[in-house]
Amino acid sequence: MMSALQCRDFGFGRPMTDDELVRVNDLRREETHAHCVDVDASKSINKTSKKPLLLESPFVKHIHVGINNDGHWNSMHVSLQLEDVADCLRVLCPQHDVVVLFDHSAGHDRKREGA
């Protein structure tokens, strides 16, 4: 499985150069951008509200689902991925406002008894 974003300007996903990652991580070191907006998600997934440094492009995340929810991808992961992408877009195209649309397939909903 994967969680990916596409953009009218960049297309599907967006590889990032080492220089771009350095610039994004410099932004994330600034106090105003150092902590996640979704504190609950960050503390649950990363055990801290502080954003980790990006080592690769966050536009495409490959998910290897395991047993006992090990590797389980949920809305908290999506929230943090979106924050990572937003930081990248602040650096790559600061002149743009970002609008995000989600396509949530009903096929991904939990099955209800009797349904």
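The dialogue below turns to salt bridges, a pocket and a surface patch.

Guide: This is a predicted model, in which local features need pLDDT of at least 70 and side-chain atom pairs count only at pLDDT 80 or more, while totals for chains, interfaces and linings use all residues. Residues are numbered from 1 along each chain as its sequence is written, and side-chain values use heavy atoms, without hydrogens and water.

Visitor: How many salt bridges does a search of the whole structure find?

Guide: A salt bridge is a side-chain nitrogen of Lys or Arg within 4 Å of a carboxyl oxygen of Asp or Glu. The search finds seven salt bridges. One of them joins arginine 28 to aspartate 84, with the closest N and O atoms 2.9 Å apart. That pair links distant parts of the chain, arginine 28 being in helix H1 and aspartate 84 in helix H3, 56 residues apart. Helices are DSSP runs (H or I, at least four residues), numbered from the N terminus.

Visitor: Are arginine 28 and aspartate 84 buried or exposed?

Guide: Buried means under 20% relative accessible area, exposed over 50%, and partly exposed in between (1.4 Å probe, protein chains only). Arginine 28 is buried at 2%, and aspartate 84 is buried at 12%. Both belong to a network of salt bridges that also includes Lys51, Asp87 and Arg90.

Visitor: How far apart in helix H1 are arginine 29 and aspartate 26?

Guide: They are three residues apart in H1 (residues 18-29), and therefore separated by about one helical turn. Arginine 29 is exposed, at 51%, whereas aspartate 26 is partly exposed, at 40%.

Visitor: What volume does the second largest pocket have?

Guide: Rolling a probe the size of a water molecule over the atoms shows where empty space is left. On a 1 Å grid over the protein atoms alone, with a 1.4 Å probe, a pocket is an open set of points with protein on both sides within 12 Å along at least five of seven lines; lining residues have an atom within 4 Å of a point. The second largest pocket has a volume of about 260 Å³. Of its 16 lining residues, the closest to the centre are Asn46, Pro52, Lys61, Leu80 and Asp84. H3 gives the largest share of the lining, five residues.

Visitor: Which residues make the nonpolar surface patch?

Guide: Patches are made of residues with over 30% relative accessible area and no salt bridge, nonpolar side chains being joined within 5 Å. Val98, Val100 and Phe102 make a patch of about 280 Å². Valine 100 is partly exposed, at 33%.

Definitions and conventions: Points joined across faces, edges and corners; volume = space filled by probe spheres on them. Helix = DSSP H or I, 4+ residues; strand = E, 2+ residues; numbered from the N terminus. Patch = residues over 30% accessible without salt bridge, like charges linked within 9 Å, V, L, I, M, F, W, Y side chains within 5 Å. Areas by Shrake-Rupley, 256 points an atom, 1.4 Å probe, with all protein chains shown as cover.
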